[in-house]
Structure formats: structure tokens, C-alpha cells
Amino acid sequence: MANTLLDTVWDLHTVRRLPNGETQLFIGLHLVHEVTSPQAFQMLAERGLRVRYPERTFATVDHIIPTDAQQRPYADGMAEQMFAAIEENVRVNDLPFFDRSTGRQGIVHVIGPELGLTQPGMTIACGDSHTSTHGAFGAVAFGVGTSQVRDVLATQCMSVAKPKLRRIEVNGRLSAGVFAKDVILHIIGSLGVQGGVGFAYEYGGTVLDAMSMDERMTICNMSIEGGARVGYVNPDATTEAYIEGREFAPAGDEFQRAAAWWRSLASGPDATYDDVVTMDGADIAPMVTWGINPGQVTGVDDVVPSLEALEGPGRAAAEEALEHMSLEPGRSIAGIPIDVAFVGSCTNARLSDLHEAARVAQGGRVADGVKALVVPGSQRIRAEAEAAGLHEIFQEAGFEWREAGCSMCLAMNPDKLQGDQVCASSSNRNFKGRQGSPTGRTLLMSPAMVAAAALAGEVADVRQMVAS
């Protein structure tokens, strides 16, 4: 049986098979941030241990950092404690730390790739569920809990069961106004939020082949929303071009040797999968969630589904979602009023995302009563966007231009929904309370669709606002 990339990378990093059937897997790159690491570091200290391979662990701050007033100490006492804790832990263990003073601070799943830390063939762990983002480079990347953060810090290994593998092929071409965010929402809507449980997802097909690395990262980022533990794309020339020249990437002859090895990892045409799903990119419209999980999603030109069309647990979940969202079955998705528009998150805060949102915003004006934020994914992206004049486009249109951070994606910082506000969001989760208010309501969509909603004051079809 021909090996897939998952098989090859897994076997290369296997230390041993454990009695419980899991694998003791060596982790090539460990990324940490301020929220899930303090307890893990404390557990090491209580055992008199230090980080086993400090050269393989890199830290940043993203979840709790304010995106407007960033003076220390922070007004939020818990945020200040978390920041102080990671400062002390990286100092004691002599770990690289990308804070604001370095100019390289940002969302952990944004800076890993942009610094060249993320490379094909790696195993990667981080105490954040969206670590699957790094799979866009042909890595096997896991989001882990605090106890596993501890294990990796102490041993550079973790215990994990090898998942089955599903290949998801998206072929054909995407229509104008349809982006990577729409593709992954379409996949989750088709397969369900539990559809990937027990699986890793290998994404491919002509649509994925044509995507930039930014777009592939968006796809892999939300694998976890579809229930999969891992999502990846096979490395190719696009991958190599992105990595070459980055700070932590191989250079010169070493890069050429590395690139040849990366290409050898890709699943071959005769690779065997546990399941294969094919989709046509032409069938995908700009997508908008109407419920309280990312699988409750439909095209912007569609309507809120009727309960009669749903069966079993799906119907009960839809009833709960419609009650929370104050939506009626049969209502058009387009035209749902919004209060807040958020462009940002580890899913969609890269430079290309900001370009697409700015393209929509240019020459327009945020609707009265709408609060609109643009939060770059890193300090470098913010600087690059400003060099391109994107901040001026956003500010002239009435958007707030913020510093780098996770911001309103999960609201562990001052950026929160208030009351029952409705937010058009380019983030990854629309769970109850996710954006800081238990009664707040989130509509997931692409950055371009968020910008369109901000200008219209309601969900709008971006295809009608920007020519291809």
C-alpha cells in the first residue's frame, strides 16, 4: 500500500507504540502562547524540570493582548497575570519570545508560517485547537490541551492515536467572490461538524492546487470545526516559494536539499485513503452561517433552512440555533442586519485577506450604527498593509484599524460583543458566547463578505458589490 504524507510523517516521528494503542510521537516544533501555557510551566517547575528542547519551542502573546490601548499593566488583571507569567517562563527556560518589542508578535498560527518556523514534514503541537492551520505546509499539526503542553515541554513527545485519513478533493474553479473561507464552510456544511471525528483531512484537487499559502492556511485552520484532528495539503512549488528566504527557513544549498525532501513527502497518485470525498468548486457560493456551529451554514443567496428538512439531532440543534439567533426558517440570508463587523483571527487576518476586504471597502462607508474592526494577524502584516495603504482605505471607510492580536475571535481581551449584538465575522467559531456576550450572535463569512456587510449594514452578496 502506497504511503500518504500522513503515514510518512507519522512513521518518521514515532518513538514507540504504547500499550494502549497510541503512539509516542516526537514533536518537531512546539508553539506556545500566554493562555494555555502557565499551568504547564508550573507543573514542570513543581517537578524540578526544565524545557527539554528549548530550541524547538517558540512563544508569543496573542489571545489576551488588547488591540487598541496596549500599555502595561493591562486594565484586565487576569490578562496582566498571563502576560507576566509567560515573560517569566520564557526567561527561566531561555525560550525565544516574540512579544511586541520584537516586531514579530502576532497570532501564533500566523507568525509560525511567516517566520519560516512551519515547514513540511514536521510534527507541530500548540495549546490551541487551530494548530491544524500549519498543515497547509504539509505538516502534521495538533492542537493540544494544557497537560499535553506540559508533556511536550518536558519530553518533546506526546501520546496520540493515529487518525484515519480522508481525502477531500475540490475540483474545477471557484466563481468570482468565492474564497477559501467559503470552501471550508461548504466542506463543513456538507460533512458536518462531527464528520471528521477520528479522521485527518488531506485537502487536494485543482482548487486547492491553485490556492496561495494564505488560502490553504484558511482551509486547514477550520479542519477542527469539521471534527478532524488534523488537516493538511501536500507540499508543492507554492509551498517552497512561500518558505524560501524566511527567517527560520533553510538557506542556499540547504534549502534546495530541504525542498527536494519536502516534495518526496507528498502523497502519491496511488496513495490509499480510508475515505475520499469530491466536490465541485463551481457549486460553492459565498457562505454565511445562520446558527451556532460552523456546520449550520448556507449560501448568501439561500434562505434559513426549514426544520422539516432536518432530521434527528440536527433538528433539535437547529431549533436551539434559530431561537438564539432570532431567525425564522425561510428567511433570506441576505439582509440579516448586523451591529458589528470583524475582519481578523487566525483564520483570516493575513495580508491577502486584508487586501480582499479593502477591495470591497474602498470608496464606501461603514453603515450608520455598525462598529467595524480590522485586526491584522501580526505586527509584520500590519506593517505590510500600511505600506500598501490598506489602513487608509479602511479608515476612510469608517473601519477601526487595530494592532495585532486575536481580538474579537474569542474575546479574551477588551474586544467583545455587547448584549445581543449581531457580528459579521471572519473568525472560525460562532458558538454561543464565543465573542464575549452569552446572547451575542455571530455570522461567519469571508473577509470580503464581512466588509460588504459592514458597508450595507446587513448581510450582503459581495458578488454584487465588486466586479471580478
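Below are my notes on sheets, helices and a few single residues, all taken from a predicted model.

**Entry 1: the sheet with β10**

I began with the strand order and found an open sheet of 4 strands, running β11-β10-β9-β12 with parallel pairing. Its edge strands are β11 (230-233) and β12 (275-280), each of which pairs on one side only. From one strand to the next, I read an average twist of 20 degrees.

Next I went through the pairings of β10. Strand β9 (residues 164-171) runs parallel to β10 and is joined to it by 6 bridges. Here I noted Ile168, which stands opposite Tyr203 of β10. On the β11 side, β10 pairs in the parallel sense over 4 bridges. There I found Tyr232 of β11 as the bridge partner of Glu202.

**Entry 2: β10 itself**

How many of the residues of β10 are buried? I got 6 of 6 for this strand (residues 199-204), so I put it down as mostly covered under the 20% cut-off for relative accessible area. I then sorted the side directions: Phe199, Tyr201 and Tyr203 point one way, while Ala200, Glu202 and Gly204 point the other way, and all are buried.

What lies across β10 and β11? I found helix α8 (residues 213-221) there, running at about 160 degrees to β11.

**Entry 3: the other open sheet**

I also looked up an open sheet of 5 strands, in the order β5-β4-β3-β6-β7 and with parallel pairing. Its edges are β5 (97-98) and β7 (140-143), each pairing on one side only. Inside this order I checked β3 (residues 29-32) against β4 (residues 57-60): the two run parallel and 3 bridges join them. One detail I kept is that His30 has Thr57 of β4 as its bridge partner.

**Entry 4: α2 against α5**

Two packed helices are described by the angle between their axes and the distance between the axes. For α2 (residues 38-46) and α5 (residues 146-155), I have an angle of about 50 degrees and axes 8 Å apart. The two helices are therefore oblique to each other. The crossing of α2 past α5 is right-handed.

Which residues make the contact? From α2 I listed Gln39, Ala40, Phe41, Met43 and Leu44, and from α5 Thr146, Val149, Arg150, Leu153 and Ala154. By class, the residues of this contact come out as 7 nonpolar, 2 polar and 1 charged.

I stayed in α2 for Gln42, which is found in that helix. Its relative accessibility is 48%, so I count Gln42 as partly exposed. I also took its separation from Ala318: 276 residues in sequence, and 42 Å in space from C-alpha to C-alpha.

**Entry 5: α15**

Is helix α15 (residues 447-456) largely enclosed or largely open? I found 9 of its 10 residues buried, so the rest of the structure largely encloses it. Among the buried ones are Pro447, Met449, Val450 and Leu455. The buried residues of α15 pack against β13 (287-289), β15 (340-343), α12 (351-361), β16 (371-374) and β18 (422-425).

Conventions:
Residues numbered from 1 in each chain as written. Predicted model: local features only at pLDDT ≥ 70, side-chain atom pairs only at ≥ 80, totals over all residues. Heavy atoms only, no water. Axes fitted to C-alpha atoms, helices over the stretch in contact; angles between N-to-C directions. Parallel < 35°, antiparallel > 145°, perpendicular 65-115°, else oblique. Left-handed = near helix turned anticlockwise from the far one by under 90°. Contact = heavy atoms within 4.5 Å. Nonpolar A, V, L, I, M, F, W, Y, C, P; charged D, E, K, R; others polar. Buried < 20%, exposed > 50% of the residue type's maximum accessible area, 1.4 Å probe, protein only. Pairing = 2+ DSSP bridges.
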